[in-house]
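The questions below take them in turn.

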Amino acid sequence: MSRRNPPLVPRLRPHADSVFAEMSQLALEVGAINLGQGFPNTDGPTELKEVAIAAINDGRGNQYPPSIGIPQLRQAITAHQERFYGIALDPKTDVVVTTGASEAIVAILIALVDAGDEVVMFEPWFDIYSAAISMASGQRVGVPMSGPELRPDIEALRAAVTPKTRIIILNSPHNPTGVIFTREELQAVATIAIKNDILVLSDEAYEHLWFDDTEHIPISTLPGMFERTITVASGGKSFSFTGWKVGWATGPRDLIAAVRVTRQHLSFASGGPFQYAIAHGLGLPDQYFRELRTDLALKRDLLCGGLEELGFGVIRPQGTYFATTDVRPLGYTDGLTFCRELPHKAGVVAIPHRVFCDDPEVGKPYVRWAFCKRTDVLREALERLRAGLS
């Protein structure tokens, strides 16, 4: 029997290969330290594990939870938004719990983007944005982060908007650059969105991971923005349990109602016992979130300091799990080539920015490193780099 070949539809073929899979396989083959993927190698708070275990033992969440999320978690999310940002939400209508922040992003784009609609996003971007836009049959439009510190280019954003623009994706704290948008930058994005009647998908998965004198500001708190913004967040990132895959989206009820429709036809529901644990986590005292940031900032400084000593051009991040380096001072012109050689030369894996860009030149010289690892792992990685790159 003959069959069509290849079976994957054309709009998804560009997403068939993953640099994360490639680099992770390389790490396994050569025994490299994987600073490519953004997950901690230590667990989060023990008390959250105990809540999840108790829920399993008590039979809470072992069967399908509500597709929109258990009431306790939706209430905890609304209390969190009020506590940290002064955002008032109704847990009955303004929240949907998802299988990680990734599913929330996919559900939003499938729900709100029609064939031919344009989605504008800053590049480099989180790779799932691109795939999800293709799933929705939309058209992605990249706007480069620019300058020596890779800040958002507001004029380029303004120029990229057309009558076909449906959504602007905003990611702050920003993966992969670690940039946190300033209030002025957010206001400029808001002005463009309001003037052109554009929705905003605000990916705030790293909302509690900001350092130094910066601070995360949700764009939905700016005048005129709540009614056009869906905010995405991640329990995995805030509590270092990325494998639990508990995320959520919040916003005005009409937009959340649309997202609930698509979400119920994706995974429908997931992570029942873990939802109780994340609900507990959202109520942890401020000290927990401060200590989380302090620990990550020390790891950032360890990795960035070591990379600077090795001659990389380091863009020290304001937030997230990731640091960016320019490889040109080491004699490389292409971060992808550098990353493919690095596991063999030094036994360390990193991720090139160019795979997060429609225009490869935007991210060509840059490489992303994850510092959300144990201190001993980061020290060993730096020792390997010193030996392998000397």
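Q: Is Arg 316 buried or exposed, or does Arg 316 count as partly exposed, and at what relative accessibility?
A: Buried means under 20% relative accessible area, exposed over 50%, and partly exposed in between (1.4 Å probe, protein chains only). This is a predicted model, where local features need pLDDT of at least 70, side-chain atom pairs count only at pLDDT 80 or more, and totals for chains, interfaces and linings use all residues. Residues are numbered from 1 along each chain as its sequence is written, and side-chain values use heavy atoms, with hydrogens and water left out. Arg 316 counts as partly exposed, at 32%.

Q: Which side chain meets Arg 316 in a salt bridge?
A: A salt bridge is a side-chain nitrogen of Lys or Arg within 4 Å of a carboxyl oxygen of Asp or Glu. Arg 316 belongs to a network of such bridges that includes Asp 212, Arg 300 and Asp 301. At 3.2 Å, N to O, the side chain that meets Arg 316 is that of Glu 308.

Q: How many residues apart in sequence are Arg 386 and Glu 309?
A: Their side chains meet in a salt bridge at 3.5 Å, N to O. Helices are DSSP runs (H or I, at least four residues) numbered from the N terminus. Arg 386 lies in helix 14 (residues 375-389) and Glu 309 in helix 11 (residues 286-309), so the pair ties together parts whose separation in sequence is 77 residues.

Q: Which residue forms a salt bridge with Arg 340?
A: Arg 340 is in helix 12 (residues 335-346), and the pair links parts of the chain 318 residues apart. Arg 340 is partly exposed, with a relative accessible area of 40%. The closest N and O atoms are 2.8 Å apart, and the partner is Glu 22.

Q: Which side chain of opposite charge is nearest to Lys 237?
A: Lys 237 sits in helix 8 (residues 235-239). Lys and Arg count as positive and Asp and Glu as negative, while His and the chain ends are not counted. Lys 237 is buried yet has no salt bridge, and the nearest side chain of opposite charge, 8.2 Å away, is Asp 203.

Q: At roughly what angle do the axes of helix 3 and helix 10 cross?
A: Axes are lines fitted to C-alpha atoms, for helices over the stretch in contact (heavy atoms within 4.5 Å), and angles run from 0 to 180 degrees between N-to-C directions. The axes of helix 3 (residues 71-85) and helix 10 (residues 272-282) come within 9 Å, and the angle at which they cross is roughly 20 degrees.

How values were computed
Helices (H or I, at least four residues) and strands (E, at least two) are DSSP runs, numbered from the N terminus.
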